[in-house]
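This briefing goes through selected local features of one structure, grouped by topic. Please keep the sequence and the coordinates at hand while reading.

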Amino acid sequence: MFLRESLARLFACLFLLVPVLGSGILAQSTGNKAVATASAIQDDPDFARAVKEWTTRPEFISPLVDHLPKAAGIPSPKDILGHHIGEPKKLTYYADILKYYRALAAATPRVKVVTIGKSNEGRDLVVVFVGGDESIGNLENYRGYLAQLADPRTVTDAQAKDVIDKAKPIYHLSGGLHSGEVGPSEMLMELAYRLATEDSSLIKQIRDTVIVSITPVADPDGRDRNVDWYYKYGINETEGRTTGAGVPYWGKYVFHDDNRDINYSQVEMRALLDWYLQWHPPIMHDLHQAQTLLYTFSGQAPQNPNLDPILFGELPMIANFEMAQMAKYGMPGVWTHGYVDMWSPGYLAFMSSNHNGMIRMYEIQGFSGANTQKMRLGNPNGTGANGAAGSAAAGAAAGGRGAPAQPDAAAITAGRSNQAQREWFRPWPATGEFDWSLRNNTNYGETGVLTALQYTSAFSNVILENFYQKSRNSIDTGRKEAVAGYVIPAGQRDTTRVAVLVNMLRMQGIEVGRAKSELKLKDGSFPAGSYVVKRDQPYARLAKILLEKQVFPDPALRTYDDASWTMGMMSHTEVKEIGDKAVLDVAVDPVTQVKLAGTAAGAGSIFAVAHYGSNNMITLRFRLKDLKVQAAEKEFRQGDITFPAGSFIISGDAAKIRPAVEALGLTAAALPGAPSVPMHDLDVPRVAMYTTWGSTQDVGWVRYAFDRFEVPFDLIYKDRVRQGNLKSAYDVVIIPNQSGSAKRLVFDIESRGTPIEYKKSEQFKYLGGYGESDDITGGMGIDGVAEIDKFVKAGGLLVTLGTASFFPAEFGLTPKVDAARTSPQFYSPGAIIDAEILQPEHPIFYGYDRKMIPVRYANGPLLTIQTGNTFGEPPAGPPPTPQSVLMRYPGGDDHVLSGLMRGAGEIRNRPAIIDQPSGKGRVILFAGNPCYRWQNFGEFNMLFNTVLNFNDIRTPPERATGPTSPEAR
Ligand SMILES: [Zn+2]
């Protein structure tokens with residue numbers, strides 16, 4: 001090391017033919033790329049000095065990353081960015097990150113950048129490949145080998161052995177999925193450079209045997225916005241003096257939920273999935289930033305039992321190797337287990353496990369900016385001494401970096417920090433008080449990743465064999481296990497949600513066929529044209545994970561995200577589980593993608609469009625916004641078609657109506673004249689969606705759904721609400737699920753005296769996206785509440801979703817409605833449960849043909865309606881009516897359809913939707929969230945019906961269709 005450093009300057013500028021260090025390997029130039037025989041490469045003393053300075057304690061670095069080669073002709077991050085990675089108060093914008101990787105790729109044949117798509121805001125999405133000259137020169141071959149292993153039907157076991165001998169695992173690393181977790185996207189640039197240039201035996205071994213691929217920033221739009229916010233506010237923050245507010249948006253729609261986007265709605269996630277299905281990396285490793293000091297995922301319980309047992313062995317093997325290696329390097333605070341479980345398949349890197357690979361994940365200590373900050377951790381068990389003793393030896397072995405400092409007892413706070421506690425899975429916790437820097441984050445992340453790559457290079461054949469075997473096992477599950485496949489029967493009323501479901505399976509690479517003839521199986525008969533998912537395919541286990549009812553393995557366990565996601569239930573689509581092995585042999589035509597093909601029979605200028613619950617109905621209304629559209633309030637027939645209540649009656653030019661209906665997959669017929677049923681006009685509503693500044697994510701999902709279904713709306717904030725006169729501008733105000741309580745919805749981000757501006761400027765051009773304000777603190781306040789109440793009383797429709805439904809109940813907009821919370825014992829991370837429609841003729845239920853429907857439980861308020869007099873006085877406003885409860889939760893364990901609900905009796909007979917008149921307007925409260933992520937498509941229609949029928953919702957006695965009979969329950 002010393003010799004190399006001393007020679008560094010001498011060779012810094014040399015490019016050609018310099019034999020050094022006795023290795024005799026030559027650096028050569030071919031064209032404008034330096035061929036990477038890197039023995040001319042010396043370590044950069046400037047790097048070593050800077051990194052030592054920025055690393056806050058000697059134990060927070062390893063011998064793997066305390067040096068960096070200076071390779072002539074190949075730009076280091078500093079050559080392009082102007083600073084080494086990890087410099088305090090320096091974060092890199094996405095364009096500069098891309099500039100770096102592209103410069104690196106231009107300079108060495110060991111790096112290649114491919115563009116895989118565009119982000120929502122138009123930034124290039126890329127994958128960077130790093131490997132040996134031979135690997136990168138023959139990437140296409142290596143892609144082919146992995147494709148063969150991913151689909152064992154293409155090879156015999158003997159051929160697979162040959163393929164494994166030739167193949168190299170692709171190890172995919174991804175940073176910046178969460179924009180506030182800034183460190184990994186910086187670190188990955190240094191890692192790429194190191195992998196391409198360093199000549200240590202470890203790096204050579206990795207380079208020769210593994211192909212590394214990198215997503216530099218998974219959410220690049222959010223990256224830039226967060227970096228802007230950091231330079232505007234975060235950089236000036238010191239301990240105890242913070243604005244108290246984060247940047248209101250990362251990417252266009254969601255924050256952390258880009259890691260819960262189970263159906264790949266966001267373009268950035270979909271682009272990576274498309275890339276994945278081309279390249280089949282056996283390992284995908286997401287780099288996050290949250291835990292102290294480095295948590296490495298190992299797939300703890302609850303575990304999804306559909307995943308291969310091999311996987312559950314592999315995960316702790318690598319995690320334990322990392323833990324042992326990093327302890328050997330003297331780095332405390334590396335742990336596994338005890339954090340994220342292996343239940344939900346919706347995390348981004350889970351695309352790998354779902355396809356027989358391996359999800360990996362780190363949580364590295366960091367902050368949302370690049371300031372060095374003080375940390376205080378408890379030391380409840382006095383564990384520091386053991387760890388320090390162990391590391392002293394390792395430190396000496398690793399090159400005399402010295403033993404880490406002992407924990408400073410005086411600095412130990414009384415607070416018992418979980419992460420400072422020794423556990424079997426955290427044998428050497430970090431303790432005490434210390435500064436934490438961006439460079440520490442880089443050191444931990446890069447050391448961890450290099451260790452994982454070391455493992456992968458040492459066991460590359462095992463990893464490839466396992467990948468192959470897991471794929472092979474998946475194919476075998478169809479014949480070995482009880483579930484042989486799934487049938488999505490043809491002839492379902494709404495074909496559009498069937499198409500959505502099938503296309504989402506196809507997007508994930510699951511093979512779906514269309515039955516050539518009627519299926520006669522032990523499980524039942526299904527018409528020709530039914531969709532068939534056979535379980536003798538490589539992605540059979542994913543099909544089962546997505547389509548089956550989730551049976552949570554142990555109600556005593558908690559899970560990090562949702563407990564259920566059953567696609568048929570979420571989309572109100574019939575999906576039949578098949579046990580009959582004969583399903584594996586039925587003749588099918590492979591489905592590439594289901595194209596919507598509506599029908600509009602007959603000719604004329606009045607069309608009826610059947611409302612079968614398709615979410616495309618609202619799209620049709622807005623695509624034909626200039627035409628007169630009415631809703632039939634009763635069912636009627638025309639020819640062979642039954643048009644249920646809610647069907648559209650459209651008058652206008654057939655040349656406009658017909659293609660619109662067909663493109664949206666709807667069912668229509670020309671009518672000889674208007675049907676003789678009561679109808680009301682479907683006026684085009686002016687919609688506002690209210691959002692706080694402090695909680696924009698769940699609003700983002702509703703915005704996304706409205707954008708996808710082409711429903712125009714204004715996104716409004718506190719300033720617009722306070723300005724008043726809402727009724728002059730809007731017919732409908734929707735308050736999506738947000739903030740968790742009514743108080744926070746109203747008062748939002750606490751003001752600390754100084755306004756916090758969110759606005760675009762010359763210097764900060766990524767701020768001000770999706771809304772602007774001179775001061776995002778303070779919330780709508782009581783004045784805002786009064787304006788929303790005025791809006792309703794003047795005839796507006798207020799719709800509140802999920803936790804936002806606490807708001808009208810607790811701030812007096814619906815005086816007869818009370819909202820309570822479940823007990824602390826209650827636990828339901830997104831169970832799918834029954835909901836019972838009590839007022840089936842209410843416009844909100846147009847398109848639903850069953851009284852009991854599956855809904856996702858959203859942990860919203862427990863609503864009640866006061867039916868008796870309080871204190872002997874009649875409540876203000878119209879008398880309470882049981883008809884106000886449109887839908888309720890029957891509750892109890894028998895009505896849990898999928899997932900987990902602990903304490904299901906607590907929600908027994910609680911209202912799920914309440915419709916409350918107020919003045920000339922009304923408030924509709926959803927206790928649940930009918931627009932949850934991009935998932936519960938079966939419920940979206942209730943929200944869309946509410947919007948479409950905004951001025952035709954009547955209190956039951958005056959409703960044309962009359963009150964519902966008790967039998968309807
Ligand atoms: Zn994260």
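Arginine 225 is buried, with a relative accessible area of 3%; buried stands for under 20% relative accessible area, exposed for over 50%, and partly exposed for what lies in between, with a 1.4 Å probe and protein chains only. The model is predicted, so local features need pLDDT of at least 70 and side-chain atom pairs count only at pLDDT 80 or more, while totals for chains, interfaces and linings use all residues. Residues are numbered from 1 along each chain as its sequence is written, and side-chain values use heavy atoms, with hydrogens and water left out.

**Arginine 225 and its surroundings**

- Arginine 225 belongs to helix α10 (residues 220–232); helices (H or I, at least four residues) and strands (E, at least two) are DSSP runs, numbered from the N terminus.
- Not counting residues up to four places away in sequence, arginine 225 touches Glu121, Val247, Tyr249, Trp250, Gly251, Tyr758, Tyr766, Leu767, Gly769 and Tyr770, where contact means heavy atoms within 4.5 Å.
- Between arginine 225 and glycine 768 the C-alpha to C-alpha distance is 9.0 Å, although 543 residues separate them in sequence.

**Zinc site**

- His178 (ND1), Glu181 (OE), Glu181 (OE) and His288 (ND1) coordinate the zinc ion at 2.1 to 2.4 Å. Donors are N, O and S atoms within 2.8 Å of the metal (3.2 Å for Na, K and Ca), and sites may look incomplete because water is not among the atoms.
- The angles among the four donor atoms of the zinc ion run from 57 to 153 degrees, and the site is irregular. Four donors count as tetrahedral if all angles lie between 85 and 135 degrees; four count as square planar and six as octahedral if opposite donors are over 155 degrees apart and all others between 65 and 115; anything else is irregular.
- The donor residues follow the spacing H-x2-E-x106-H in sequence.
- Glutamate 181 sits in the loop between β7 (170–174) and α8 (183–197) and histidine 288 in strand β9 (residues 283–288), so the pair ties together parts that are 107 residues apart in sequence.
- Glutamate 181 is buried at a relative accessible area of 8%, and histidine 288 is buried at 2% relative accessibility.

**Aromatic pairs and charges over rings**

- The count of aromatic pairs comes to 49. Rings of Phe, Tyr and Trp (its six-membered ring) pair if their centres lie within 6.5 Å; planes under 30 degrees apart count as stacked, over 60 as edge-to-face and the rest as tilted.
- Tyrosine 295 and tyrosine 339 form an edge-to-face pair, because their ring centres are 4.9 Å apart and their planes are at 85 degrees.
- This pair links distant parts of the chain, 44 residues apart: tyrosine 295 is in strand β10 (residues 294–296), and tyrosine 339 is in the loop between β12 (334–336) and β13 (341–342).
- Tyrosine 295 is buried, its relative accessible area being 0%.
- The rings of phenylalanine 807 and phenylalanine 811 have centres 5.9 Å apart and planes at 40 degrees, so the pair is tilted. Phenylalanine 807 is buried at 0% relative accessible area, whereas phenylalanine 811 is partly exposed at 23%.
- One aromatic cluster is formed by Tyr253, Tyr704, Phe706, Phe709, Phe713, Trp934, Phe937, Phe940 and Phe944.
- Arginine 426 lies over the face of tryptophan 335, 4.1 Å from the ring centre; a charge sits over a ring if NZ of Lys or CZ of Arg is within 6 Å of the ring centre and within 35 degrees of the ring normal.
- Arginine 703 has its charged end over the ring of tyrosine 770, at 5.1 Å from the centre.

**Backbone geometry**

- Most residues other than glycine have a negative phi, and most peptide bonds are trans.
- The peptide bond from threonine 292 to leucine 293 is cis, with omega near -20 degrees; leucine 293 is in the loop between β9 and β10.
- Alanine 301 and proline 302 are joined by a cis peptide bond with omega about -5 degrees, and proline 302 is in strand β11 (residues 300–303).
- Histidine 572 is not a glycine, yet has a positive phi of about 50 degrees. Histidine 572 is in the loop between α19 (567–571) and β22 (576–578) and is buried, with a relative accessible area of 19%.
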